Amino acid sequence: MTFDIRNIAVLGAGAMGNGIAQVSAQAGYQVIMQDITEEALEKGMDTIKKSLSKLASKGKIAADEVDAIIGRITTTVNLEEAAKDADLVIEAVPEVLELKIDIYKRLDEVCKPEAIFGSNTSTLPITILGAATKRPEQVCGIHFMNPVPVMPGVELIKGRLTSDEVMDEAVKYVEKIGREACLAVDYAGFIVSRLLDVVQNEACKLVMEGNEPEEIDKAMKLCANWPIGPCALMDLVGLDIVEHGLGTLENDLGPAYKAAPLLRQMVRAGELGRKTGRGFYTYNK
Ligand SMILES: NC(=O)c1ccc[n+]([C@@H]2O[C@H](COP(=O)([O-])OP(=O)(O)OC[C@H]3O[C@@H](n4cnc5c(N)ncnc54)[C@H](O)[C@@H]3O)[C@@H](O)[C@H]2O)c1
């Protein structure tokens, strides 16, 4: 089968989806962004416009390019419409396995036979998503980092049945959008989420043992050269998201990944980090 990626469908216009649509359109691809409500699509397009204006004001893109980039992005609330002409579908809907499986089944029915499916999942094994389709060799992980327009690395995950040809196409796409591909094997959490979730969970245990979040973060910044400490990072990502990721790791890889009691307790208390105004630190909402 020959692949030729020109048209990209991005499913989900949220934190990740709008960034993926933006960087794809910046690289010259024709993009259709899909979500379940017009409001979500409008919000996604607003974020893209703000991000592009910022890049133009910093001289990172020419001011007259902005309209052309925006012109390459269309939107729809209809999955079939988004998918029918796509050469590559990048799925960035919420991290709920049943939801994603349902979407892959529908995509398989409406997409061209040569369409490639890439999931932006942070932790769910790609092989499970591929198994929902009759084309598992054409399903891979294309895991962008947040914020998408800024982060230079993209993790690419080869499911058990993903073909080498499809991985080559995914690498070409990542290079065309000016990013560098990091190749990962398909076990829950891959490389990035697995290591980050483990360190963040250990940081929770360190707090339980009496360490101050400020000291943990200071130690990792000054002694390990991290740009941000693990407690501040959890507050940024959301403690519920970290707990959910650890749940996927525990399911697939065993009890070593069980969320720390403090993490579970803070999630139950609604101390989710920046988004609720309180996590390891407090914030003005
Ligand atoms: N936020 C991050 O830092 C981050 C980083 C890397 C990967 N991810 C992964 O990216 C994916 C999306 O995360 P996000 O942070 O962008 O979530 P988000 O909640 O910001 O956005 C998800 C979007 O999907 C839409 N949606 C819900 N159901 C849908 C459906 N059936 N069809 C189409 N759209 C639908 C929602 O309306 C929402 O706009 C998840 O798998 C997540 O694990 C997130």
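Author: Leu236 is found in helix H10 (residues 230-237); helices are DSSP runs of H or I with at least four residues, numbered from the N terminus. This is a predicted model, where local features need pLDDT of at least 70, side-chain atom pairs count only at pLDDT 80 or more, and totals for chains, interfaces and linings use all residues. Residues are numbered from 1 along each chain as its sequence is written, and side-chain values use heavy atoms, with hydrogens and water left out.

Reader: Is Leu236 buried or exposed?

Author: Exposed means over 50% relative accessible area, buried under 20%, and partly exposed in between (1.4 Å probe, protein chains only). Leu236 has 52%, so it is exposed.

Reader: Which residues make the nonpolar surface patch?

Author: Nonpolar side chains are joined within 5 Å, if their residues have over 30% relative accessible area and no salt bridge (a side-chain nitrogen of Lys or Arg within 4 Å of a carboxyl oxygen of Asp or Glu). Here Leu236, Val237 and Ile241 make a patch of about 260 Å², with areas from the Shrake-Rupley method.

Reader: Which residues come nearest to the ligand?

Author: A residue is near a molecule if one of its heavy atoms lies within 4 Å of it. Of the 21 residues around the ligand, Met16, Asp35, Glu95, Lys100 and Ser122 come nearest.

Reader: Where are oxygen atoms of the ligand 2.9 Å from the protein?

Author: A polar contact is a pair of N or O atoms within 3.5 Å. One such distance of 2.9 Å is to a backbone N or O atom of Met16, and another is to an N or O atom in the side chain of Asn120. The protein buries 75% of the 840 Å² that the ligand exposes when taken alone.

How values were computed
A polar contact is a pair of N or O atoms within 3.5 Å; within protein, one must be able to donate a hydrogen and the other to accept it, and residues adjacent in sequence count only if both atoms are side-chain atoms. Accessible areas come from the Shrake-Rupley method with a 1.4 Å probe; for residues, only the protein chains shown count as cover. Patches are made of residues with over 30% relative accessible area and no salt bridge: like charges are joined within 9 Å, nonpolar side chains (Val, Leu, Ile, Met, Phe, Trp, Tyr) within 5 Å. Helices (H or I, at least four residues) and strands (E, at least two) are DSSP runs, numbered from the N terminus.
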